[in-house]
Every structure is written in C-alpha cells, then in structure tokens.
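Hello,

Here is the structure I promised to pass on. Have a look at it first, and my notes follow below.

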Amino acid sequence: MEKLHQPLTMILEHGCSNETLVLESALRLTPYTSVHTFSVSKDSISLRKLRPSQSITLQFPPDLDPIYGQTAFDEHDRQLTFTICNLQHGARPRASVSVLVRNGRITSLLGLPRPHGPLTAAVVGIGGGFPADVIDGDGRLTCVAGGIGIAAFPYMGSCSEWKRRASLLWSINHEELPVVRYLLRSNWLNHNEWLSIRIFVTGRDWLEDDRESLEGAGTPQGNQLETLNSQDNVHVEFLQRRMRREDLDQGVKQVADSVAILFCGSKSLEWQVRMWQLGGVPVYVTETL
C-alpha cells in the first residue's frame, strides 16, 4: 500500500520567519533517547496550524555546538524536524512543545550547558502527520507504534475530539523501558484517553530472574516490568514478547467499525503490519523523524 503523509507546509511562505522557540529543558531518558521541551508564545501561528501527529521543522543557530560553533555544522545540518509528542497550554503568554528524539550526532547537542543564554530555534515549517481526512473523521482507529514512533500518538490522544476513539499497540525494546515509564508518569500517555493500551517489550536480557531495587544500578528488566505494572498504570497491559498478527487482529476487532490502522515506527515493523493486513483494514503511516 502506498505510503501517505501530508506535505510540509513552510511557515516562511506566510511571513512568520520571526517565530522562535526557546529550549526550556532537556532530559536524557536512556543512552539512546531524550525528551526536549521548548517554550513558545501562546499566540504562535505554529500552534494554531499544528494538527495531531504533525512535525515541526526548526532552524538552530550557528552556535548549536558551543565549542566549535559555526564551523561544526552548516545551515542544512542545523535544520531538524521533530514529531510533536506533547503540547501544553500553560500560563499565558507561554506554552510548551515537547519532542521525543534519538540521541544522534546533532540532537545530542541540544541539552548541553550554554553560558551565554538558552538555546533558541526558528520555526521554518510544520507538516507531515497522518492524513487529515482519516484522523479528523468519526471512525475509530487502531494505532501501532514501534520504538520512539510512539511520539506521534500522545498528543493525538490528549485532544478532546480524539479521546476514546482508538486502541494503541506499542512494541519497544527492553532497553527503552524508561521511556515507557516517563510517558506514563508524566501522564502524556493516559489510559483514560484510549480504548486500550498494550505494550510489547522485546529483548533477550529482560527476563533475568533478579530482584534488585528498581532504583539500583543495573536494574534487571524483569523487575522494571513488575514495577511499571504495579505502580505506574495498572490499566496498561504489558506483554513479554513480540507483537503477533493475532494481537493486531484483536486490536482491530476490539475497535468496532475500525476504519484504519495508523502506524509510526521502523520500516521492518511497518512491512510486517502491512503483510498482516493485506486485503484488510488500510494502513497509513507518518514519517519516522
């Protein structure tokens, strides 16, 4: 099935090149994943245009690398696109936008100390996401996420018109369990906003039979899973295996009159989901950014 996503809408075309975000916090959840929160004016044109599951493109300044400055990266390298994971309308006149990202060559620089003031970024575009006619319709949906592809869904679930419209299946490696914990404890992933949430935890090491404290160094993954089940959210179902075809079939059947599957994750998992649904419910994807 053809991959569908909305074209990027450049804000610069609408005369909004002066809009700026300010990095308020950076939190490394695992060696591989971080969450970054930016403040933005509540009157932001970006926020008015933003739809659930869409992405925002930011142009970072020449001093993104606080040591080597503009010699480290050119302008193109410093333009990054993120899927919006959470949007908070706080006290006026500021709101906040949060993104969940892989720690890469450039994104790892976002949280570094900056003695001359906070990091800023110019908004140059918004777009992407799932097709508007699918997510804005009345039909119920089944959402499937792989790894940090979950970033496309928390903001969708928090929108009033979306609540209790979809079920969520999320496959994640055991090394990324701190990401699960963060989304649950921050209430970004709220079971009251979904028909159901099932999380499939994969990885060969996480079943080790060890009972160290969750707060201890080198906590075994089996104990992490028990703690998540007992303390974070008893309404979220954890499964100690890979996602299977019958899991997706169950998710689709549970959502009566499901009109589509929304997917965000790796190419390999996307291929598998499409194979499972050949001749069945249509699958729509958004870019993994």
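**What I found**

Strand E1 (residues 20–28) runs antiparallel to E2, and six bridges join the two. Strands here, like helices, are DSSP runs numbered from the N terminus (at least two residues of E for a strand, at least four of H or I for a helix), and two strands pair if DSSP finds at least two bridges between them. Before going on: this is a predicted model, in which local features need pLDDT of at least 70 and side-chain atom pairs count only at pLDDT 80 or more, while totals for chains, interfaces and linings use all residues. Residues are numbered from 1 along each chain as its sequence is written, and side-chain values use heavy atoms, with hydrogens and water left out.

Back to the strands. A hairpin of four residues connects E1 to E2, and Ala26 sits opposite His36 in E2. E2 also pairs with E5, again in the antiparallel sense, over nine bridges; there Ser39 faces Ser96 in E5. Eight of the nine residues of E2 are buried, so the strand is largely enclosed by the rest of the structure. Buried means under 20% relative accessible area, exposed over 50% and partly exposed in between, with a 1.4 Å probe and protein chains only.

Next, the aromatic rings. Three aromatic pairs turn up in a search of the whole structure. Rings of Phe, Tyr and Trp (its six-membered ring) pair if their centres lie within 6.5 Å; planes under 30 degrees apart count as stacked, over 60 as edge-to-face and the rest as tilted. Phe38 and Phe60 form a tilted pair, because their ring centres are 6.4 Å apart and their planes are at 50°. Phe38 belongs to strand E2 (residues 33–41) and Phe60 to the loop between strand E3 (55–59) and strand E4 (79–88), so this pair ties together parts 22 residues apart in sequence. Phe38 is buried at 2% relative accessibility, and Phe60 is buried at 1%.

Phe130 and Phe153 are stacked, because their centres are 5.8 Å apart and their planes are at 25°. Phe130 is in the loop between E6 and helix H2 (132–135), and Phe153, 23 residues away, is in the loop between strand E7 (140–146) and helix H3 (154–158). Both are buried.

Finally, Pro118 lies in the loop between strand E5 (94–102) and strand E6 (120–127). Pro118 is exposed, with a relative accessible area of 56%. Beyond its neighbours within four places in sequence, Pro118 is in contact (heavy atoms within 4.5 Å) with Val22 and Leu23.

Best wishes
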